[in-house]
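Thanks for making the time this morning.

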Amino acid sequence: MNTDSRCVRCGPVPPLHVPEHIGADIVASVVERITATGDPPVTPLWCPWPLPPGWTLTGVAYAGDDRTGVRATVVACAGPAPLGGGPADLVFVAEEPGVGLGTRLAGLAGPDPGPELVDALTDPGSGHPDHVGQAKIKVGGHPTPLWLVNSPTDRSAYAGEARGMWLHAIAWPASAGHLLAEDVVLHDLTEWTPPELVYGAPSPYLPGRA
């Protein structure tokens with residue numbers, strides 16, 4: 001039996017598992033599922049830590065099954081928009097090549113952001129030096145550039161690479177992408193889950209309604 005789900009645009013894709021609720025026990029169960037195989041590399045579960053002031057963790061999810069293992073992970077957060085004007089949402093996706101979850105949430109075509117990154121590096125736009133990421137965050141203690149890619153106008157989408165996997169950061173509304181210009185540090189929850197994490201209402205973006 002084939003356990004893959006099917007996307008009308010991309011064809012067979014790993015099934016996405018999204019818990020209905022969020023809390024310390026849910027995060028622990030997802031971490032256990034991610035690390036169950038014991039075979040490196042483990043797909044990271046990237047979470048901003050410390051969380052920006054006023055922000056909460058609003059969801060976790062993973063794509064994969066018992067046959068293929070976990071091939072992509074998602075962490076969602078929400079809080080005050082960096083430029084004011086209401087709430088904002090951020091989603092971080094770590095995935096193997098060809099999964100397509102990050103591009104789906106970003107509103108891009110295809111399973112990988114490679115073509116979009118080529119465009120961003122070739123024509124970085126006004127005010128951006130050539131071949132320099134437009135957002136610089138720390139991932140697992142290492143400075144990591146992310147490039148702004150084309151996306152629908154209701155969101156900002158960035159893409160890059162960390163630990164040999166695609167890293168996506170998608171923000172709603174688009175102006176919330178300014179948060180990535182601040183001192184954002186991503187920590188892998190599969191290595192350690194801070195007991196001080198604050199949880200909020202479940203994200204509306206994880207079930208695929210992006």
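Predicted model: local features only at pLDDT ≥ 70, side-chain atom pairs only at ≥ 80, totals over all residues.

Let me start with strand 10, which supplies three residues, the largest share, to the lining of the second largest pocket. Residues are numbered from 1 along each chain as its sequence is written, and side-chain values use heavy atoms, with hydrogens and water left out.

The second largest pocket holds about 180 Å³ of space. Of the 15 residues lining this pocket, L148, S156, Y158, A174 and G177 are the closest to its centre, and the elements that give two or more residues to the lining are strand 9 and strand 10. A pocket, on a 1 Å grid over the protein atoms alone, is an open set of points where a 1.4 Å probe fits, with protein on both sides within 12 Å along at least five of seven lines, and lining residues have an atom within 4 Å of a point. Grid points are joined across faces, edges and corners, and the volume is the space filled by probe spheres set on the points.

Now to the overall fold. The protein has three helices and 12 strands, and 10 strands form an open sheet with mixed pairing in the order 3-5-6-7-11-10-9-8-12-4. At its edges are strand 3 (16–17) and strand 4 (46–48), each of which pairs on one side only. Two strands count as paired if DSSP finds at least two bridges between them.

How much of strand 5 is buried? Strand 5 is mostly covered, with 10 of its 10 residues buried, where buried means under 20% relative accessible area, exposed means over 50%, and partly exposed lies in between, computed with a 1.4 Å probe on protein chains only. Across the protein, buried residues make up 48% of the 210 residues.

Helix 1 (residues 24–34) lies across strand 5 (56–65) and strand 6 (69–80), at about 30 degrees to strand 5. Axes are lines fitted to C-alpha atoms, for helices over the stretch in contact, and angles run from 0 to 180 degrees between N-to-C directions. The buried residues of helix 1 are I26, V27, V30, V31, R33 and I34. Seen down the helix axis, these buried residues fall within an arc of 160 degrees, so they line one face of helix 1; the arc is that of the directions from the axis to the C-beta atoms. The face turned away carries the exposed residues D25 and E32, and what covers the buried residues includes strand 5 and strand 6.

Next, W55, in the loop between strand 4 and strand 5. W55 is buried, with a relative accessible area of 6%. Apart from neighbours within four places in sequence, W55 is in contact (heavy atoms within 4.5 Å) with C77, A78, G79, P80, A88, D89, L90 and L179.

Finally, some backbone geometry to check. Most residues other than glycine have a negative phi, and most peptide bonds are trans. A cis peptide bond joins W49 and P50, with omega about 0 degrees, and P50 lies in the loop between strand 4 and strand 5. Another cis peptide bond joins W172 and P173, with omega about -10 degrees, and P173 is in the loop between strand 11 and strand 12 (185–188). R163, in the loop between strand 10 and strand 11, has a positive phi of about 55 degrees although it is not a glycine.

Definitions and conventions: Helix = DSSP H or I, 4+ residues; strand = E, 2+ residues; numbered from the N terminus.
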